[in-house]
Amino acid sequence: MHWQTIYWIAGGILALAWFSRIVESALGMPHVANIARPEWDRRPAAPNGEPRVSIIVPARNEEESIRETLVQLLALDYSNYEIIAVNDRSTDRTGQIMEEVAASSPSLGLRKRGLLKVIHISELPPGWLGKTHAMWMAGQQASGDWLLFTDADVLFKPDSLRRAVAYAQAERADHIVLFPRMIMKGPGERMMIAFFQGLFVFGHRPWKVADPKARDHMGVGAFNLVRRPVYDAVGTHFALRMEVIDDMKLGKVIKNAGFAQRNVSGEDLISLHWAKGAFGIVDSLTKNFFAVLSFQWWRTVVTVVGLGCLNLGPFIGVWLAQGWARVPYVIALGSLFAIYCGISLRSAVPPYYFFLHPAGTILFMYTLLRSMFHALWNGGIVWRGTKYPLEELRKGIV
């Protein structure tokens with residue numbers, strides 16, 4: 001077969017893949033509600049006032065961020081909620097800071113709006129991940145009609161919870177996922193997060209999550225708001241006790257059980273700084289990526305090859321192909337650039353970061369392989385100082 005024919009075929013596949021995704025995204029994303037808009041600036045209604053919400057914050061060695069997170073949660077513009085902060089075997093000052101915030105909240109004028117309870121966990125029982133166990137423990141003591149699972153480094157604006165609950169009531173939703181705004185402090189972080197968001201647009205369809213006929217589901221560790229009866233019905237975190245990607249899997253079991261799931265954006269209603277620098281993000285994802293691929297080496301290898309072809313192919317093809325054979329690669333690159341333009345409208349990533357897409361691709365391919373080799377070499381994953389055997393992790397996959 002002539003090389004130009006091969007270029008045409010490969011380019012056609014790439015052009016179709018990227019162009020179809022940008023068209024589908026352009027048509028679908030407007031259906032994802034933005035609860036930061038004025039129409040959602042309302043108070044939820046219930047027969048006895050606002051429905052009670054239990055906010056659950058697991059933390060292990062989070063002394064740098066836990067104080068600010070808890071203080072902002074205590075200042076929420078919501079009349080009926082509690083906060084359950086879980087100190088999961090921390091070896092730093094996390095537990096002490098939690099207790100300090102709980103003790104000082106009356107003097108800050110915050111106790112009237114929220115109630116902070118601190119749980120200290122000193123031992124992890126067999127067959128559990130630390131985070132899932134912490135959330136399960138808090139869930140057993142929660143008194144809310146709704147449970148909000150969040151992370152110890154998430155920043156909340158005062159009206160974030162009120163708007164989310166009002167939207168959930170209006171949509172009769174059982175599970176609300178609010179996408180956070182990513183705080184980015186350097187070009188490496190912008191490059192990696194832009195690539196991740198672009199890959200997210202390609203691999204997931206947030207606008208389809210609300211469709212009960214679609215298999216698309218969603219879960220985000222920063223903001224998983226779920227009705228208590230639904231949480232109990234899907235088995236609580238006990239059913240996810242060895243799931244590394246517990247946030248996504250919670251969304252999966254809720255959607256598969258037939259409950260109503262919704263994704264929403266909210267501009268900066270919640271925000272977080274994922275990691276420091278590009279390699280900080282690589283380190284953060286190393287524990288997750290092999291789990292995403294069900295701890296199977298062959299799936300990881302296939303994914304790395306596919307990731308390279310899909311993301312590097314348009315850049316390589318437009319340079320190697322000649323004449324009209326370059327056209328499909330130009331279409332693929334134009335579609336990819338359009339995705340970066342869309343990302344720039346929702347984040348602090350300029351469109352010209354498109355030109356760093358190949359570098360982001362290579363780093364993500366490296367992260368996938370690194371995640372696999374670390375897990376296989378160590379016979380498991382090491383997460384926040386605790387090792388979890390690979391055999392147990394495989395058995396615990398939902």
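This is a predicted model: local features need pLDDT of at least 70, side-chain atom pairs count only at pLDDT 80 or more; totals for chains, interfaces and linings use all residues.
F337 belongs to helix α11, which runs over residues 327–346. When residues up to four places away in sequence are set aside, F337 touches P351 and F354.

## Helix α12 and its surroundings

Helix α12 covers residues 357–378, and its 22 residues reach 31 Å from the first C-alpha to the last, close to the 32 Å expected at 1.5 Å a residue. Just after α12, G379 takes a positive phi of about 70 degrees.

The buried residues of α12 are H357, G360, T361, L363, F364, M365, T367, L368, R370, S371, M372 and A375. These buried residues pack against several elements, namely α6 (187–203), α9 (277–292), α10, α11, β12 (380–383) and α13 (390–395).

## The pairing of α10 with α12

The axes of helix α10, residues 297–320, and helix α12 come within 9 Å and cross at roughly 175 degrees. The two helices are therefore roughly antiparallel to each other, since angles over 145 degrees are classed in that way. On the α10 side the contact is made by W297, T300, T303, V304, L307, G308, N311, L312 and F315, while α12 contributes H357, P358, T361, I362, F364, M365, L368, L369, M372 and L376. By residue type, the contact of α10 with α12 divides into 13 nonpolar and six polar residues, with no charged residue in the set.

## Nonpolar cores

The largest nonpolar core has 87 residues, and those with the most contacts inside it are V53, I55, L70, I83, L116, F223 and L225. Helix α11 supplies the largest share of this core, seven residues. For F223, leaving aside neighbours within four places in sequence, the contacts are L148, F149, F156, A164, I176, V177, L178 and I270.

Technical notes:
Residues are numbered from 1 along each chain as its sequence is written. Side-chain values use heavy atoms; hydrogens and water are left out. Helices (H or I, at least four residues) and strands (E, at least two) are DSSP runs, numbered from the N terminus. Contact means heavy atoms within 4.5 Å. Axes are lines fitted to C-alpha atoms, for helices over the stretch in contact, and angles run from 0 to 180 degrees between N-to-C directions. Angles under 35 degrees count as roughly parallel, over 145 as roughly antiparallel, 65 to 115 as roughly perpendicular and the rest as oblique. Ala, Val, Leu, Ile, Met, Phe, Trp, Tyr, Cys and Pro count as nonpolar, Asp, Glu, Lys and Arg as charged, and the others, Gly among them, as polar. The expected span of a helix is 1.5 Å times one less than its number of residues. Buried means under 20% relative accessible area, exposed over 50%, partly exposed in between (1.4 Å probe, protein chains only). A nonpolar core is a set of buried Ala, Val, Leu, Ile, Met, Phe, Trp, Tyr and Cys residues joined through side-chain atoms within 4.5 Å.
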